[in-house]
Amino acid sequence: MESETMTYLKKSENGVQTSPIILSELQKKKARRQIFLEMYRILNHKTGNPVIALRLLVSFKKKYQNIFGGKMMSKISKVDGRTFQRLGSPGFPSVASKRMYDNEFSRLLSDSAPKGLRTLIIAITKKCPLNCEHCFEWENLNKEETMSRAELIDLVRSYQDFGTTQIMFSGGEPLMRKKDLFEILDSTKPGTDFWIITSGLGLNPENAKLLKAHGLTGVMVSLDHHEAHRHNQFRGNENAFDWAISAVKNSNKVGLVTALSLCATRDYATPENFASYMELAKSLGVSFVQILEPRAEGRYKGKDVMLEDHHIQVLDESYLKYNSEKRYASYPIVNSLGYHQRKIGCFGGGNRFFYIDTDGDAHLCPYCVGKSSNAVLNSPEEVIAKLKQGSCHIFEESLV
């Protein structure tokens, strides 16, 4: 019997989004050279010595080779005139990318507490009509909103001033608060890329166009199975798959960077399933696929959902295969937090990112819940100092 994925791909053959992944080796070399020169200029300015700057840049490259898997990932996506290599990094060239490199080089050169985050995830609403199996905001869902629009604007501004180069708005479903989202985006300044993490609900052509006009960079759409009925079952809504697919198409059309986010459960973590997922992701023209590993938090609290070694092996091998093998050169870039965390520890807890929930409370990440302080009432420096007193539930703190 033909799979739902293959049926979808055949139906959409004539309307497949052109892949944003750069295939030309010449264009990739040019993009990497431009990035290298930008990084070199920043380091040379910081050190005042071109020889030392070059040596430090080589050292920096070796460090990130270790993080991202042996050799540097070669894939580059290009959307709306900017290039993207990592899901957790802003596009190049931009004020945000320059700030990110400056932040990282400050860490390299100084032992003092660094300023700036790679990514901040802010849950801006408790509202969501879905009934997702793995929801980490389950206990807060559809209760009265706590953070006002003004508080959210102040929160975003304070973390921009702190040097944060990427902010992702989640929920609940962030588009349930779209008017506030527009005003938040209108209040921002250069130096940060902004994303939403969405089920796809409400991301119609008009809203996609408006989000782009108000300054959104990218959209991460949650898609937890390549087969429609299985995704709908996981999300508790018979329209969830169609919403997700439409959201990706609408986002692509207006020049937003698109990503799919997969919660890879034990049942799903097989080579066959991931191969089908990547075929669908490629056909949709997304730049990234993010792999998340289930944690016993939120609605999964107290349940036996952690992946076993053989499941993790499938995900790690898939991460390396799709990012490095030539036969998969045209497929989206795969992002796997678990892969990096098992190698060098967790970047959460204010090291490179953390999570602010719908009440404004700071957590190490969405899956390492445990309120440390309130981000509305305290400065970024105070919040991060408190976060650093905690530790990841699963992984050691990163030393990088």
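Where is the place of Thr188? Thr188 is in the loop between α6 (178-186) and β5 (193-198); helices (H or I, at least four residues) and strands (E, at least two) are DSSP runs, numbered from the N terminus. The model is predicted, with local features needing pLDDT of at least 70 and side-chain atom pairs pLDDT 80 or more, while totals for chains, interfaces and linings use all residues. Residues are numbered from 1 along each chain as its sequence is written, and side-chain values use heavy atoms, leaving out hydrogens and water.

**View 1. Surroundings of Thr188.** Contacts of Thr188 (heavy atoms within 4.5 Å) are with Val156, Gln160 and Phe194, not counting residues up to four places away in sequence. The C-alpha atom of Thr188 is 8.1 Å from that of Ile153, 35 residues apart along the chain. The side chain of Thr188 also reaches the backbone oxygen of Leu185 at 2.8 Å. Thr188 is partly exposed, at a relative accessible area of 22% (buried is under 20%, exposed over 50%, partly exposed in between; 1.4 Å probe, protein chains only).

**View 2. Cis peptide bond between Phe92 and Pro93.** Pro93 belongs to the loop between β2 (82-84) and α4 (95-109).

**View 3. Cis peptide bond between Gly171 and Gly172.** Here omega is about 15 degrees. Gly172 sits in the loop between β4 (166-170) and α6.

**View 4. Positive phi at Asp80 and Asn142.** Asp80, not a glycine, has phi of about 55 degrees; it lies in the loop between β1 (77-79) and β2 and is exposed, at 56%. Asn142 has phi near 60 degrees, lies in the loop between β3 (119-123) and α5 (149-161), and is partly exposed, at 43%.

Terms used
Polar contact = N/O pair within 3.5 Å; in protein donor to acceptor, adjacent residues only side chain to side chain.
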